[in-house]
Amino acid sequence: MPLGDSFFQPAHVSLVNLSTNELLEVQYNPTELEELIGAVYAKQTVPGLSHQVQQFINTENMRFTLELFFQATNSGEAGAERLAVARKFFIAVCHPRGTGGVGSLGRGAPRVLFVWPEMISLTCVVHSVRMRHTKFKPTGASTVYTANVELEEIRDVFVSSEDITRAGTQRAPSPPFREL
């Protein structure tokens, strides 16, 4: 179901850990979003033909890069704690689920619902997060940081050109989610 048909209408970019249903709505919408998608073709050489024949193989997964800014907006513990919770969220979605220990098969990092309001709602995996901390409390707690996040769509179903024409990049599971 497209996210627009559900009750989950965030005002800001949101990420949801689909294993725990934890919702992280970012403080400030990014000023830029980089999307990358491509078609994969095999080039076949036919002897005597003046050119290589290109045969469609598949479509690459949609990839996204965005920069998220976090700032403790007050001097109390609540602001710094909110930043710490967001930081833990990003680290957690890069680790495997469960408690199976080293060598447990079938476990991977949780999938994340990536929502850019009125444009994107896709199930993704987080490939990397780079956090740059630039201000700190006297105690050492971070009060300002930027998270550079690289996401890639992960699909379990066939998506056609007609599906994209009809729904665009609005294809994700529906709520419920709980805020962090």
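What percentage of the 180 residues in the protein is buried? Buried residues make up 32% of them. Keep in mind that you're looking at a predicted model, so every value here is computed from that model.

**The overall layout**

Let's start with the big picture. The protein has two helices and 11 strands. Walk along from the N terminus and the elements come in the order β-β-β-β-β-β-α-β-β-β-α-β-β. If you take the contacts between residues at least 6 apart in sequence, 61% of them join residues at least 24 apart.

**The nonpolar core**

Now for the inside. The largest nonpolar core has 26 residues, and Leu 15, Phe 64, Leu 68, Phe 70, Phe 90, Phe 114 and Leu 151 are the ones with the most contacts inside it.

| Element | Residues |
|---|---|
| Strand S6 | 63–71 |
| Helix H1 | 77–92 |
| Strand S7 | 112–116 |
| Strand S8 | 120–136 |
| Strand S9 | 142–153 |

Setting aside residues up to four places away in sequence, Leu 151 touches Leu 15, Met 62, Arg 63, Phe 64, Leu 66, Phe 114, Cys 124, Val 125 and Val 126.

**A closer look at Leu 66**

One of those partners, Leu 66, is found in strand S6. Why does Leu 66 count as buried? Because its relative accessibility is 4%, and the cut-off for buried is under 20%. Leu 66 and Val 149 are 83 residues apart along the chain, yet their C-alpha atoms are separated by 5.5 Å. Beyond its neighbours within four places in sequence, Leu 66 is in contact with several residues, including Val 13, Pro 30, Leu 33, Ala 147 and Val 149.

Glu 152 is found in strand S9. The side chain of Glu 152 does make a polar contact, though, with the side chain of Asn 61 at 2.9 Å. Leaving out residues up to four places away in sequence, Glu 152 touches Asn 61, Met 62, Arg 63, Thr 123, Cys 124, Val 125 and His 127.

Notes:
Residues are numbered from 1 along each chain as its sequence is written. This is a predicted model: local features need pLDDT of at least 70, side-chain atom pairs count only at pLDDT 80 or more; totals for chains, interfaces and linings use all residues. Side-chain values use heavy atoms; hydrogens and water are left out. A nonpolar core is a set of buried Ala, Val, Leu, Ile, Met, Phe, Trp, Tyr and Cys residues joined through side-chain atoms within 4.5 Å. Buried means under 20% relative accessible area, exposed over 50%, partly exposed in between (1.4 Å probe, protein chains only). Helices (H or I, at least four residues) and strands (E, at least two) are DSSP runs, numbered from the N terminus. Contact means heavy atoms within 4.5 Å. A polar contact is a pair of N or O atoms within 3.5 Å; within protein, one must be able to donate a hydrogen and the other to accept it, and residues adjacent in sequence count only if both atoms are side-chain atoms.
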